[in-house]
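The notes follow the order in which I looked.

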Amino acid sequence: VNNLSEGQVLAVQSFWLKNRLVTSFGWRKDAIRQATYVTQRKTASGTSAFQSIFELDPPTNWSAYTKGKTNTQGAVLHVMPWASVFYNQSSTWNPPTGLINPDSGTQIPGATGEGKDYGLMLRLFDNRISLRLNKYENTSGPASVEGFRNAIIPVVQNIEQTINDRIDDGTINVARPKFYDAEQGTYTLSGLHGDLVSKGYEAEIVANPTRNWRVSLGGAKAESSASNIGRAWVNFIQERAPIWAANSTLTGPNNTNTTIASRYLAIVQTLNQMKQADGQKVENGRNWRVNFVSRYAFSEGTLRGTFVGAGYRFRSPQNLGYLASLVPNEFPLTGAPAQVLVPARNAPLKGDIVSETELFLGYSRRLGQRVNWRVQLNIRNLLDDQDPMDQRANITAGFTTVYTVPEPRSFILTNTFSF
């Protein structure tokens, strides 16, 4: 497959109101098309080497262009010499997937994203203290969710192929799907996708109590969750379920002896699990994080050129998954249970916090006229905390099944020469 991309880009930065307002704008337009050709063997022998693409003329069977746009906008307003507010937003674009939604026949777009953030910046006491606060929200998708895709789509295809076989031989007379063709390859036109939403707050304060002492403290609260997982397939299955239920004893496709009911019952739990996963927090995600660094540099006396500092890192417990519990079955069928055991979004399993301390010290000086030398020793995991940390849990019982062992106290020495 050959891909040809053509694009146009525009970027503008402007200053207004005697530089108190700064705006930026970016725009990009992409046009993409493909062409395919099959390389031939150099001779008639079945073991002959294939032609090199460098020996072939460029292809001419180009497809129609697929076009899309991305843009960014931003603004910073210096309300006072010591206070500013800002706003940014952006979007991304990717070509369509070529797949279609089974419930509507619409084409599944390529993964796109939208993001925005806005906040406040303060510079106080002659810039000895700076503060930044901002809020953000990002969305991305649709992205393929292959675990659910591989479990659900082949089964749905077999059921609809069975329905087609029995329509063709006159056993039943029911409507075929409007937009889903079960006779296509399993994934030729079909995929199962979901979106990701991330939002949160960030704050950072940097202080210089003295000329040689610098302190920074940063923190964030973030939440990432999945959404719209397999929504089109849920709609399609719920639309087709009455037909499947009315013909649940039919077997197929072709000469296989598996009934529609058996196939449907085999994915009822997976379908309910997918429904519960919609809105769940991303696995291994942590809601809170805090970073602290303090550094002091000596500029006079015997210790001139020496610096020493310490750091601390905190992370709140991560999400290990969700405890399985009984939830109402949203895909009823004769013989199916009224409740199914699936990971429920109201029962998260939490791991351990991360708490790490680091110490560093170093020395820098000039060597000759052109070379700057810097040596630094970092002592990571200063307290040598090696307690095992939860990494994965059994969703049925809730106990931890996989642990990780933190890196032990380590000493890292680096030498840097800059010219």
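**Pockets, then core**

I worked on a predicted model, where local features need pLDDT of at least 70, side-chain atom pairs count only at pLDDT 80 or more, and totals for chains, interfaces and linings use all residues. Residues are numbered from 1 along each chain as its sequence is written, and side-chain values use heavy atoms, with hydrogens and water left out.

I took strands as DSSP runs of E, at least two residues, and helices as runs of H or I, at least four, numbered from the N terminus. A pocket is an open set of points on a 1 Å grid over the protein atoms alone, where a 1.4 Å probe fits, with protein on both sides within 12 Å along at least five of seven lines; lining residues have an atom within 4 Å of a point.

I noted about 570 Å³ for the volume of the largest pocket, a volume being the space filled by probe spheres set on the points, which are joined across faces, edges and corners. Of its 29 lining residues, R313, V354, S355, E356 and T357 are the closest to the centre.

I then looked up the second largest pocket, with a volume of about 460 Å³. It has 22 lining residues, and I229, A277, Q280, K281 and E283 lie nearest its centre. β11 gives the most to this lining, 4 residues.

Last, I checked V156. It touches, not counting residues up to four places away in sequence, Y180, W233, F236, I237, W244 and I267, contact meaning heavy atoms within 4.5 Å.
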